[in-house]
Amino acid sequence: MRDNDRPIRVLVAKPGLDGHDRGAKVIARALRDAGMEVIYTGIRQSPQMITQAAAQEDVDVIGMSILSGAHLEILPEIMSLLRDQGMDDVLVVVGGIIPEVDRQPLKDIGISEVFGPGTSTGAIVEFIRDSVNQRAGA
Amino acid sequence: MPSKDKKQWQRDTLEPSVKRFPERREKFQTDSGLDIDPLYSPEDLQAQGLDYDKDLGYPGEFPYTRGVQPNTYRGRVWTMRQYSGYGTAADTNERFRYLLDQGQTGLSIAFDLPTQIGYDSDHLLAKGEVGKVGVPICSLEDMETLFDQIPMDKVSTSMTINATASLLLCFYIAAAKKQGVSQEQISGTVQNDILKEYIARGTYAYPPRPSMRLVVDVFKYCAENVPKWNTISISGYHMREAGATAVQELAFTFSNAIAYVQAALDAGLKIDDFGPRLSFFFVAQNNLFEEVAKFRAARRMWARIMKERFGAKDPRSMMLRFHTQTAGVSLTAQQPDNNLIRCTIQALSAILGGSQSLHVNSRDEALALPSEESVQLSLRTQQILAFESGAADVVDPLGGSYYIESLTNELEAKALEYIQRIDDMGGSVAAIEQGFQVREIGDAAYQHRQEVESGERTIVGVNRFTTEEPPIEGLMRVNEEAARIQVERLERLRLKRDNGAVKSALERLEQVAQTDENTVPAILECVESYCTLGEICQVLRGVFGEQEGAFTF
């Protein structure tokens with residue numbers, strides 16, 4: 001259970017082999033500037049590495065950035081690992097090059113939001129804050 | 001009374017007018033943050049000490065500011081080269097033949113991420129990535145399929161490949177040989193620019209120092225055996241895409257170039273033996289004039305670096321030849337047709353800047369790989385610029401513009417300051433090891449983002465002039481079966497090849513990698529024995545170690 005006084009803790013991760021990390025790093029900075037505690041995994045993270053880091057760092061949120069088109073293969077594996085480890089309460093959001101038609105299938109497996117290109121960091125901060133607070137209040 | 005000089009004009013004519021009709025912004029700046037005056041005049045160039053003979057000269061003559069070819073596009077227009085690759089080798093072969101039929105004049109191979117990083121398609125880490133951002137090439141067999149019915153003595157091919165560049169070059173040489181084409185006949189480019197992978201693009205495999213040796217091995221092998229091959233394409237593109245400014249693009253590209261040249265000299269090569277085969281790759285971004293000035297500054301800087309810093313004698317070593325691609329980061333998912341206009345302006349800057357070859361991005365690429373239809377539009381954009389706009393009919397059309405010349409000077413001066421800072425840190429490799437370029441680029445990217453969010457920087461359709469619209473249709477999807485087909489193909493290959501020959505070729509490579517001997521012949525032997533990419537890289541990872549990622553942001 002989250003202690004409401006501590007800052008929101010976010011793991012920003014780059015799953016798969018994709019090296020495009022401009023977006024991930026900009027978001028990481030924006031979240032930090034908004035008062036959150038941010039851990040960035042660096043690139044080339046396997047699903048196991050990401051869920052392990054999330055558990056170790058005791059994060060409230062996992063934000064993943066993926067631009068290589070591998071989202072439908074990689075993200076379901078991460079979601080099922082999280083479930084297996086009883087980490088269903090972690091908020092998961094995704095950004096990158098993700099076609100509209102793939103967004104609902106990703107939400108169906110438990111991803112809370114898919115942020116497309118052009119989303120403002122302000123909107124992401126707000127979404128994370130509202131969602132985490134809602135979960136804590138529930 | 002007309003003003004006597006710019007100062008007087010500013011005081012007597014401009015300022016009273018601005019008082020009545022204020023300017024749109026307090027301060028006008030280029031993308032690199034260079035201040036822009038309302039007007040440029042001969043006085044600006046005089047103040048900067050511009051000397052036509054020394055700083056500009058005629059095209060085809062040192063310092064090549066106005067172009068490396070005396071008549072630029074009047075003889076032959078630039079090479080129209082659309083970067084392409086997805087699915088399987090057979091799928092990409094089909095797209096290549098389509099593009100050649102449509103009038104494209106060179107090929108440019110996009111490889112998938114496992115191929116770029118050195119994993120076979122059935123490696124655990126390749127899951128989900130096979131055939132996605134490019135074509136998987138795991139063996140000579142795949143390269144043969146990729147070039148089926150494409151004459152390798154006629155077409156020039158650019159390969160965006162870095163950590164595994166020498167391998168892919170060997171696949172290419174071996175596939176050409178199977179077509180009866182010798183390595184002396186083939187022409188093209190391997191990107192082979194590993195340093196910018198640590199800075200921006202991320203497809204490194206081994207640590208920087210052994211990687212530098214692999215780069216130089218390619219220089220050496222090609223100088224002796226593959227005379228028409230460009231052994232490196234030193235790239236500013238990806239650093240700029242990651243957030244660098246135009247000044248940083250120039251500075252980091254040339255400080256990397258200096259590191260490669262120095263490494264080759266240290267390995268005993270002679271400057272004019274490999275200098276003429278070095279090529280470059282820049283982005284064409286939105287700020288039309290700054291980009292044109294950047295290309296011109298780049299030519300002058302390289303000519304001087306090669307002549308003055310490295311003592312090159314052969315003029316071809318001093319000529320900066322470059323490929324350009326329009327800016328992927330400038331594409332928006334919102335109002336995607338606007339991207340056509342952005343791409344056209346960017347492409348125009350490359351032409352006005354005298355690029356040797358060009359890729360124009362497509363309207364749908366903020367959301368997926370480009371569809372065949374949108375790639376055709378990109379190619380048509382190039383053809384309209386080449387044959388209708390008139391931009392290709394005269395050399396260096398903007399040369400002599402007070403603004404362009406002034407910007408060219410300023411970009412050069414600022415970039416040289418940065419290069420000096422990197423020299424003082426011990427050169428590019430040392431700076432990379434200290435995380436310098438990554439930090440600088442990260443800061444610039446974040447600043448850019450903040451300007452967009454505050455509205456200080458306009459992106460049409462995103463933070464201004466927005467509309468509600470239905471999602472774009474007809475997006476390209478990679479054949480879902482591609483990965484399975486590719487993995488099966490690889491399994492069959494492993495069964496049918498001579499596994500004894502594979503083993504001994506890999507052992508030989510391991511021995512060579514442990515000495516100073518050139519690795520390319522040993523890799524070629526592996527390739528011709530149908531060793532796979534993953535097997536070859538596994539050997540090299542064993543000898544050189546593996547590069548770790550960074551966690552800073």
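Trainee: What should I keep in mind about the model and its numbering?
Mentor: It is a predicted model, where local features need pLDDT of at least 70, side-chain atom pairs count only at pLDDT 80 or more, and totals for chains, interfaces and linings use all residues. Residues are numbered from 1 along each chain as its sequence is written, chains are lettered from A and ligands numbered from 1 in the order in which they are written, and side-chain values use heavy atoms, with hydrogens and water left out.

Trainee: Thanks! How many salt bridges are there over all chains?
Mentor: The count comes to 51, taking a salt bridge as a side-chain nitrogen of Lys or Arg within 4 Å of a carboxyl oxygen of Asp or Glu.

Trainee: Which residue does B:Arg240 form a salt bridge with?
Mentor: B:Glu291, with the closest N and O atoms 3.1 Å apart. B:Arg240 lies in helix H10 (residues 237-241) of chain B and B:Glu291 in helix H13 (residues 288-309) of chain B, so the pair ties together parts that are 51 residues apart in sequence. Helices here are DSSP runs of H or I with at least four residues, numbered from the N terminus.

Trainee: Is B:Arg240 buried or exposed?
Mentor: B:Arg240 counts as buried at 5% relative accessibility, and B:Glu291 counts as buried at 0%. Buried means under 20% relative accessible area and exposed over 50%, with partly exposed in between (1.4 Å probe, protein chains only).

Trainee: And what does B:Glu412 pair with?
Mentor: B:Glu412 forms a salt bridge with B:Arg300, the closest N and O atoms being 3.0 Å apart. B:Glu412 sits in helix H17 (residues 402-424) of chain B and B:Arg300 in helix H13 of chain B, so this pair ties together parts that are 112 residues apart in sequence. B:Glu412 also forms a salt bridge with B:Arg304, at 3.2 Å between the closest N and O atoms. B:Arg304 is in helix H13 of chain B too, so that pair ties together parts 108 residues apart in sequence.

Trainee: Which residues are linked with them in a network?
Mentor: B:Lys54, B:Asp55, B:Arg300, B:Arg304 and B:Glu412 are linked in a network of salt bridges.

Trainee: Changing topic: how is chain B divided into domains?
Mentor: Into domain 1 (6-40), domain 2 (47-454) and domain 3 (498-544), with bounds from an automatic or database domain assignment. The centres of domain 2 and domain 3 of chain B, taken over C-alpha atoms, are separated by 28 Å. In contact (heavy atoms within 4.5 Å) are 31 residues of domain 2 of chain B and 24 residues of domain 3 of chain B.

Trainee: How many cavities does the search find?
Mentor: Five of 30 Å³ or more. On a 1 Å grid over the protein atoms alone, a cavity is a set of points where a 1.4 Å probe fits but cannot get out, and lining residues have an atom within 4 Å of a point. Grid points are joined across faces, edges and corners, and a volume is the space filled by probe spheres set on the points.

Trainee: What lines the largest cavity?
Mentor: The largest cavity has a volume of about 100 Å³ and is lined by 13 residues, with A:Arg22, A:Lys25, B:Ala242, B:Ile441 and B:Gly442 nearest its centre. The largest share of its lining, five residues, comes from H19(B).

Definitions and conventions: Helices (H or I, at least four residues) and strands (E, at least two) are DSSP runs, numbered from the N terminus. On a 1 Å grid over the protein atoms alone, a cavity is a set of points where a 1.4 Å probe fits but cannot get out, and a pocket is an open set with protein on both sides within 12 Å along at least five of seven lines; lining residues have an atom within 4 Å of a point.
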